[in-house]
Amino acid sequence: MKTAISLPTKGAMGKTGTWRVFRPTIDLEKCIKCWRCWIFCPDAAIARNEYPVIDYDYCKGCGICANECPVNAIEMGREEK
Amino acid sequence: MIVIDTANHIAALAAKMARPKVAAAYPITPQTTIVERLAQYVEQADVDMEYIRVESEHSAMTACIGAAATGVRTFTATASHGLLLMHEMLHWAGLARLPIVMVNVNRAIGPGWNIWSDLNDAMSQRDTGWIQFYASSNQEVFDGVIQAYKIAEHHDVLLPAMVSYDGFILSHTSMPVDVPDQKEIDAFLPEFKPGWRIDVENPITHGNIVPPEPYMEIRYSMQRAMEKAKRVIEEVGKEYGERFGRYYGLVEEYRCDDADYVIVTMAALAAEAHFAVDRLRERGEKVGLVNLRTFRPFPYEKLNYDHMIVIDRDISPGLGGVLAHEMKALPGEVYGFVAGLGGVDVTYKDIERIYALAREGKQGWYPTEVK
């Protein structure tokens with residue numbers, strides 16, 4: 001029996017960070033460590049450390065984290081060339 | 001125990017006895033009383049089943065897909081436009097290899113508004129990867145639903161299965177049905193063992209991106225499963241016969257042994273054709289009947305006759321009767337007749353006339369345009 005099943009693999013589609021147009025940056029002074037960004041990140045590209053840590057190798061810059069952040073601690077800036 | 005009831009209530013009873021964990025359905029016309037009866041079972045706490053009343057048939061199939069993906073047995077029922085609204089998700093269930101069992105009541109497609117018997121609803125789902133059974137009596141409805149689970153869930157198959165029967169002619173007509181004890185059904189139909197399932201302890205993704213070559217492998221695997229299903233259908237039908245006294249296979253052959261001509265049809269038309277064959281035999285005509293129980297997988301190997309009179313209660317506009325045209329590739333001569341669309345009555349006398357016309361080498365739309 002064959003069907004479309006895949007196992008969790010880091011970077012199965014390559015380093016998708018290269019797709020990014022906008023880059024999220026976390027202002028740690030504003031961050032209240034509610035972890036909403038960590039929960040909502042659709043690519044699991046935010047790790048739980050002392051503060052949230054964004055993995056820029058895989059972050060596609062979708063901006064969901066910035067949208068969900070209740071204290072506007074995440075800013076989306078245009079990616080430099 | 002003999003139960004006298006409509007095919008709809010018999011289908012609901014069979015579904016209940018198969019012990020699905022989840023049933024999802026949309027309860028508005030063209031839906032039938034199947035799901036009403038199922039809801040009643042749940043209300044009376046007669047079953048250990050979650051009943052989900054969804055907002056459309058598309059959602060009914062989606063809910064069944066989601067439930068089946070967690071590894072439980074599922075059931076739904078629909079008819080005509082409801083089945084058509086499911087179309088996208090029928091493909092999804094097939095490609096996901098989830099053995100959902102569904103009952104479909106064959107009703108015509110509108111406009112114009114017509115809820116009478118017509119097989120076009122199910123026949124137009126032929127390429128979705130569902131096993132398709134057609135029943136000719138309420139007994140075949142009961143036996144078909146029970147067997148459908150065992151066939152669909154067999155690990156050489158793992159494909160969804162649909163049991164269809166004619167609107168009104170069966171759906172709203174009471175007939176006596178021999179219903180085995182729950183214990184006997186449980187012995188025949190063990191608990192469902194899924195081919196894959198969503199499990200938080202062992203996370204997987206289903207429905208992920210699949211590049212061209214593996215996609216073609218998935219399609220190939222489905223085709224192989226359909227081919228294997230032919231063997232499984234015969235095996236399960238034989239086992240059912242040994243346990244309950246009623247044997248089933250891919251087709252039912254009636255008085256075919258020395259037949260020069262055979263009538264090939266399915267569902268209620270096949271029940272009617274039995275009488276026509278008997279009357280023609282009394283007049284010395286060497287004629288038999290092949291009742292196609294399965295339409296997918298298509299039982300080509302069982303259609304090895306020189307002259308086959310095919311009666312279609314369905315139409316593929318621009319091609320003709322679907323069955324007749326699928327059989328044109330066979331070595332035997334095929335005489336195709338389109339009859340009974342939208343619930344037009346086709347009696348045994350009509351079938352005798354169709355036989356006589358075929359003997360003159362004619363075919364076409366019965367009765368208005370036969371050439």
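Modeller: Domain bounds come from an automatic or database domain assignment. This is a predicted model, in which local features need pLDDT of at least 70 and side-chain atom pairs count only at pLDDT 80 or more, while totals for chains, interfaces and linings use all residues. Residues are numbered from 1 along each chain as its sequence is written, and chains are lettered from A and ligands numbered from 1 in the order in which they are written.

Colleague: How far apart do the C-alpha centres of domain 1 and domain 2 of chain B lie?

Modeller: The assignment for chain B gives domain 1 as 2–244 and domain 2 as 252–370. The distance between their C-alpha centres is 27 Å.

Colleague: Which element supplies the largest share of the side of domain 1 of chain B that touches domain 2 of chain B?

Modeller: Two residues are in contact if their C-beta atoms, placed from the backbone, lie within 7 Å. Domain 1 of chain B gives 29 residues to the contact and domain 2 of chain B gives 20 residues. On the domain 1 side, helix H6 (120–123), strand E6 (131–134), strand E7 (161–166) and helix H9 (212–244) of chain B each supply at least two residues; helices (H or I, at least four residues) and strands (E, at least two) are DSSP runs, numbered from the N terminus. The largest share, five residues, comes from H9(B).

Colleague: How many residues of the side of chain A that touches chain B are charged?

Modeller: The contact takes eight residues from chain A and 17 residues from chain B. Ala, Val, Leu, Ile, Met, Phe, Trp, Tyr, Cys and Pro count as nonpolar, Asp, Glu, Lys and Arg as charged, and the others, Gly among them, as polar. On the chain A side, five are nonpolar and two polar, and the number charged is one.

Colleague: Which residue of E9(B) is the bridge partner of A:Ile5?

Modeller: Strands pair if DSSP finds at least two bridges between them. E1(A) and strand E9 (residues 205–206) of chain B pair in the antiparallel sense over two bridges. The bridge partner of A:Ile5 in E9(B) is B:His206.

Colleague: Which element of chain A has the lowest mean pLDDT?

Modeller: pLDDT is the predictor's confidence in each residue, from 0 to 100. Chain A averages 94, and 99% of its residues score at least 70. Among its elements, helix H2 (residues 64–68) has the highest mean, 98, and the lowest, 89, belongs to strand E1 (residues 5–6) of chain A.

Colleague: What pattern does chain A follow along the sequence?

Modeller: Chain A has two helices and five strands. Read along the sequence, their pattern is β-β-α-β-β-α-β.
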